[in-house]
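Me: I would like to learn how to read a few features of a protein model, one at a time. Please give the general idea first and then the case at hand.

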Amino acid sequence: MTVKTPEHKKAIKQGMLSNVMRQFDNAADIIGLNSNIRKILEVTNNELVVHFPVRMDNGEVEIFTGYRVQHNNALGPYKGGLRYHPTVDIDAARALAMWMTWKTSLAGLPYGGAKGGIQLDPTKYSNAELERITRRFTYALGDNIGPELDIPAPDVNTNPQTMAWILDTYMSTKSPAERSTNMHVVTGKPIGAGGSQGRDRATGYGVFLNIKFWAEHKKIDLKDKRFTVQGFGNVGYWAAYFLEKEGASMIAVQDAYGSIINEEGISVDDLLAYTKANKGSIMGFAGAETLDKANFFGLDCDICIPAALGNVITAANAPKIKAYLIAEGANGPTDVEAEEILLEKGVTILPDILCNSGGVIGSYFEWLQNRNGEIWQMDEVLEKLEKKLKESFTKVMETSAQRGIDMRTAAFIIAIERLEETYVQRGIFP
């Protein structure tokens, strides 16, 4: 595993914040965004930092730092994931919260943007410790989250189990009569705890659908296309699963432990089974060979899916990229300098706020079901998800063509204009 120095981690986080601000400024300049509204959207509404103690399995107490940044709620309650990762800090949360605002706006959802998490490496803690950490974090957040205020969801290194612990802890702080009305305080829950059919695959399925829509638009057949996946977690797996069903071939995968390659194709489900039996790692998988990590982005393929962390495609590796389509499963995987290089080369980038928005759309469906006391079937959820994503994709393609701009800038323009219209219509208090 590559060890990142504190300085390197800091540079990545500062880079993410710089990226989102430059992306915003670029789109805002093009549309001549109202200067007063611009001032509002450039800053976050609320930033919460909590330090809380948790007793470890050995009896010792450890202090953890948790974050929740609420960027904007002009369109509705704050919405965004919680991640457990060493790179989590206030700058990372700010950048990710801003991206959530643009993502929910672009998708036409009644949500604003938020993000947060805890600065830790979850592999160093037992399941019982992670449960106590999660419950204590939820208690520390208190009424700063809520089903009509701020609705967390899973993100990097968190999952349905994490959401179930948050739900149970949050509901325990309410009176018995109020508890069942707070089921939608988090989304991405297990089915038995109020979760929605299809939410587990919503993000990855959305990545796949965006690739499919683009291929149909370009009259490209996905059969026999070669693709690579960086990050074989929930998003990477489901995107690969659906692409493989279309006849495409996964030739290489990279995760935190290393990279593997098989030019003849890697079985998606075989690799998943292997990772489940090997603490999440892809390394040592019999159906592929080890690849030098530095060569991953330079592989000869058609589609590259970065589905791990931010700022992985940089000015250093962008010139080596041979894929003609990059589908951003992660948030902020491509930095601004790399994007300029790729666009110059004629590479199409399906931007994160469009490409991975299936997750927040799936979360919206779960929130609606909890709110209304409804239960939707899998096919109903996936059908609604496809319809919503097709609307967003079509709008982005049309704006891109009309203005002669790349897809990311088009997506940002659509998202910002919706917010601008809201502020113009509602005015600014007082």
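Me: How much space lies in the second largest pocket?

Reply: The general idea comes first: rolling a probe the size of a water molecule over the atoms shows where empty space is left. This model is a predicted one, and in it the second largest pocket holds about 210 Å³ of space.

Me: What is the lining of the second largest pocket by class?

Reply: Eight of its residues are nonpolar, two are polar and three are charged.

Me: How many cavities of 30 Å³ or more does the count give?

Reply: The count comes to one cavity of 30 Å³ or more. About 30 Å³ of space lies in the largest cavity. Its lining consists of Thr228, Phe296, Phe297, Leu299, Cys301, Cys304, Ile321 and Ala323. By class, that lining has seven nonpolar residues, one polar residue and no charged residues.

Me: Now helices. Why does the end-to-end distance of helix α7 agree with its number of residues?

Reply: The general idea is that an α-helix has 3.6 residues a turn, so residues three or four places apart point the same way. For the length, α7 (residues 234-245) has twelve residues, and at 1.5 Å a residue these should span 16 Å; the end C-alpha atoms are 17 Å apart, which agrees.

Me: Is α7 mostly covered or mostly open?

Reply: Helix α7 is mostly covered, with nine of its twelve residues buried. The buried ones are Val235, Gly236, Tyr237, Trp238, Ala239, Ala240, Tyr241, Phe242 and Leu243. These buried residues pack against α6 (202-217), β6 (226-230), β7 (249-255), α8 (268-277) and β10 (303-306).

Me: What span should the 16 residues of α6 have?

Reply: At 1.5 Å a residue, α6 should span 22 Å, and its end C-alpha atoms are 22 Å apart, which agrees. Helix α6 is also mostly covered, since 13 of its 16 residues are buried.

Me: Where is aspartate 224 placed, and is aspartate 224 buried or exposed?

Reply: Aspartate 224 sits in the loop between α6 and β6. Its phi is positive, about 70 degrees, although aspartate 224 is not a glycine. With a relative accessible area of 55%, aspartate 224 is exposed, because the cut-off for exposed is over 50%.

Me: And is asparagine 311 buried or exposed?

Reply: Asparagine 311 has 14% relative accessibility and so counts as buried, the cut-off being under 20%. Its place is in the loop between β10 and β11 (325-327). Phi of asparagine 311 is near 55 degrees, a positive value in a residue other than glycine.

Me: Which residues is isoleucine 313 in contact with, leaving aside its neighbours within four places in sequence?

Reply: Isoleucine 313 lies in the loop between β10 and β11 and is buried, with a relative accessible area of 0%. Its contacts beyond those neighbours are Phe297, Pro306, Ala318, Ile321, Ile326, Pro333, Thr334, Asp335, Ala338 and Leu342.

Me: Is the peptide bond from phenylalanine 429 to proline 430 cis or trans?

Reply: This bond is cis, with omega near 10 degrees. Proline 430 lies in the segment after α13.

Me: Last, strands. In what sense do β3 and β5 pair?

Reply: As a general idea, in a regular strand the side chains alternate between the two faces of the sheet. Here β3 (residues 78-84) and β5 pair in the parallel sense, over five bridges. Tyrosine 78 has aspartate 150, in β5, as its bridge partner. Strand β5 (residues 150-154) is mostly covered, with four of its five residues buried.

Conventions:
Residues are numbered from 1 along each chain as its sequence is written. This is a predicted model: local features need pLDDT of at least 70, side-chain atom pairs count only at pLDDT 80 or more; totals for chains, interfaces and linings use all residues. Side-chain values use heavy atoms; hydrogens and water are left out. Buried means under 20% relative accessible area, exposed over 50%, partly exposed in between (1.4 Å probe, protein chains only). Helices (H or I, at least four residues) and strands (E, at least two) are DSSP runs, numbered from the N terminus. Two strands pair if DSSP finds at least two bridges between them. The expected span of a helix is 1.5 Å times one less than its number of residues. Contact means heavy atoms within 4.5 Å. On a 1 Å grid over the protein atoms alone, a cavity is a set of points where a 1.4 Å probe fits but cannot get out, and a pocket is an open set with protein on both sides within 12 Å along at least five of seven lines; lining residues have an atom within 4 Å of a point. Grid points are joined across faces, edges and corners, and a volume is the space filled by probe spheres set on the points. Ala, Val, Leu, Ile, Met, Phe, Trp, Tyr, Cys and Pro count as nonpolar, Asp, Glu, Lys and Arg as charged, and the others, Gly among them, as polar.
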